[in-house]
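Welcome! Take a moment to look over the sequence and the 3D view, and then we will walk through them together.

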Amino acid sequence: QVQPVESGGRLVQAGGSLRLSCVASGRAFSTYNMGWFRQAPGKEREFVAAIKWSGGSTYYADSVKGRFTISRDNAKNTVYLQMNSLKPEDTAVYYCAADRRQYSDLFREPYEADFGSWGQGTQVTVSS
């Protein structure tokens, strides 16, 4: 398995942009689908975006589609979340996670249960 560590969260104004990074330890990073989730205060954790181990397909929550982009660099064991046109409702702790299984397909919105390793989270605050 791999262990993700997120970074890049900070305070940003509405309409601004931010890029989160997630570096995952372990030599098998390139065999795992990776995902981003977020949890706002008082709410349950929700799916944001996911990318297949090969980088060949991606999936987004409707709430971020067209504004956020997930990408990965397998040579650097890193997955990114580029967030544009940020809104106050994007305020949350953002978590990076690795799939439980290697070489999984990505043909539907992933569930939390699909992911077995989670980072500690990074806080993103969008001010109005």
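How many of the 128 residues of the protein chain, in percent, count as buried? The share is 46%, where buried means under 20% relative accessible area, exposed over 50% and partly exposed in between, with a 1.4 Å probe and protein chains only.

## Before we start

This is a predicted model, in which local features need pLDDT of at least 70 and side-chain atom pairs count only at pLDDT 80 or more, while totals for chains, interfaces and linings use all residues. Residues are numbered from 1 along each chain as its sequence is written, and side-chain values use heavy atoms, with hydrogens and water left out.

## The whole chain

The protein chain has 11 strands and 0 helices. Here helices (H or I, at least four residues) and strands (E, at least two) are DSSP runs, numbered from the N terminus. The radius of gyration is 13 Å, close to the 14 Å that the globule rule gives for 128 residues, so the protein chain is as compact as a globular protein of that length. This radius is taken over C-alpha atoms, and the globule rule is 2.2 Å times the number of residues to the power 0.38.

Now find strand 7, residues 68-73. Its covered face holds Phe68, Ile70 and Arg72, while Thr69, Ser71 and Asp73 lie on the uncovered one. In a regular strand the side chains alternate between the two faces of the sheet.

Strand 7 runs antiparallel to strand 8 (residues 78-83), and 6 bridges join them; two strands pair if DSSP finds at least two bridges between them. Phe68 stands opposite Met83 in strand 8. The two strands form a hairpin with 4 residues between them, and Asn77 in the turn has a positive phi of about 55°.

## A disulfide inside

Cys22 and Cys96 are joined by a disulfide, S to S 2.1 Å (a pair of cysteine sulfur atoms within 2.5 Å). The pair links distant parts of the chain, with Cys22 in strand 3 and Cys96 in strand 9 (residues 92-102), 74 residues apart. Cys22 is buried at a relative accessible area of 0%, and Cys96 is buried at 0% too.

## Thr31 in its loop

Thr31 sits in the loop between strand 3 (18-25) and strand 4 (32-39). Thr31 is buried, with a relative accessible area of 7%. Its side chain reaches the backbone oxygen of Ala28 at 2.7 Å. Leaving out residues up to four places away in sequence, Thr31 touches Trp53, Arg101, Gln102 and Tyr103, where contact means heavy atoms within 4.5 Å.

Terms used:
A polar contact is a pair of N or O atoms within 3.5 Å; within protein, one must be able to donate a hydrogen and the other to accept it, and residues adjacent in sequence count only if both atoms are side-chain atoms.
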